Amino acid sequence: VGFELVGAASPQADAEIILVAVEALSELGVQNLTVDLNAPTLVTAIIDQLRLDVENHTALRAALDLKDSSGVTALGGAAAAQLNYLLGATGAAGPALEALAKLDFPKEAQAAASSLCDVARLVLAASPGLAMTIDPVERRGFEYQTGVSFTFFASGVRGELGRGGRYPLVAEGTQIEEAAGCTLY
């Protein structure tokens, strides 16, 4: 089952998609639900400022995907400390949001971090009992996304229950607008 909001590029629209999915999964009887929030554009904005060659860019992305802090230190140059800090900002929403608030990001990265924090706060305010984790460096499977992304899990269930996020709507090779959507498996 999939659903989307078209033309509403905002943290409120992203949060609404998550909350609709939470409600649908709850109505189906799913218990012990967890949503994992990501910001695929956050690390991309930081890495792009390093102007790495293709080989080092790929190696740094792989180190981040593997949560390999020594690899990030070796490849991250001037951004290594910040990237490693982001690796450490992964986990339960409360501590992760506090950690993200302490960093001074470049402009594009700051927009991604702010959006991630805004969406998390909106979802938690509307659904305070929802378990939420944040992984600010995760992007596997979300490379095409342009904003906050998310995955649903439930204890006792193997694998993902669904995933979604913000992405561009493209028609005839041209982006026509932004959308936020979700697919539940």
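The expected span of a helix is 1.5 Å times one less than its number of residues. Helices (H or I, at least four residues) and strands (E, at least two) are DSSP runs, numbered from the N terminus. This is a predicted model, in which local features need pLDDT of at least 70 and side-chain atom pairs count only at pLDDT 80 or more, while totals for chains, interfaces and linings use all residues. Residues are numbered from 1 along each chain as its sequence is written, and side-chain values use heavy atoms, with hydrogens and water left out.

- The buried residues of α1 include Pro-11, Ala-13, Asp-14, Leu-19 and Val-22; buried means under 20% relative accessible area, exposed over 50%, and partly exposed in between (1.4 Å probe, protein chains only).
- Just after α1, Gly-29 adopts a positive phi of about 95°.
- Ser-127, in the loop between α7 (107-126) and β4 (131-135), is in contact with Leu-19 and Val-22, leaving aside its neighbours within four places in sequence; contact means heavy atoms within 4.5 Å.
- Ser-127 counts as buried because its relative accessible area is 17%.

**Asp-14**

- Asp-14 belongs to helix α1 (residues 11-27) and is buried, with a relative accessible area of 5%.
- The side chains of Asp-14 and Arg-166 are joined by a polar contact of 2.7 Å. A polar contact is a pair of N or O atoms within 3.5 Å; within protein, one must be able to donate a hydrogen and the other to accept it, and residues adjacent in sequence count only if both atoms are side-chain atoms.
- Not counting residues up to four places away in sequence, Asp-14 touches Ser-115, Val-119, Val-148, Arg-166 and Ala-180.

**Helix α3**

- Helix α3 (residues 54-65) has 12 residues and reaches 16 Å from its first C-alpha to its last, close to the 16 Å expected.
- Leu-60, Arg-61, Ala-63, Leu-64 and Asp-65 are the buried residues of α3, and they pack against α2 (40-48), α4 (69-75) and α5 (80-88).
- Asp-53 caps the N-terminal end of α3, with a side-chain oxygen 3.2 Å from the backbone nitrogen of Glu-55.

**Cysteines**

- A search of the whole structure finds 0 disulfides, a disulfide being a pair of cysteine sulfur atoms within 2.5 Å.
- Cys-117 is buried at 7% relative accessibility, and Cys-182 is buried with a relative accessible area of 4%.
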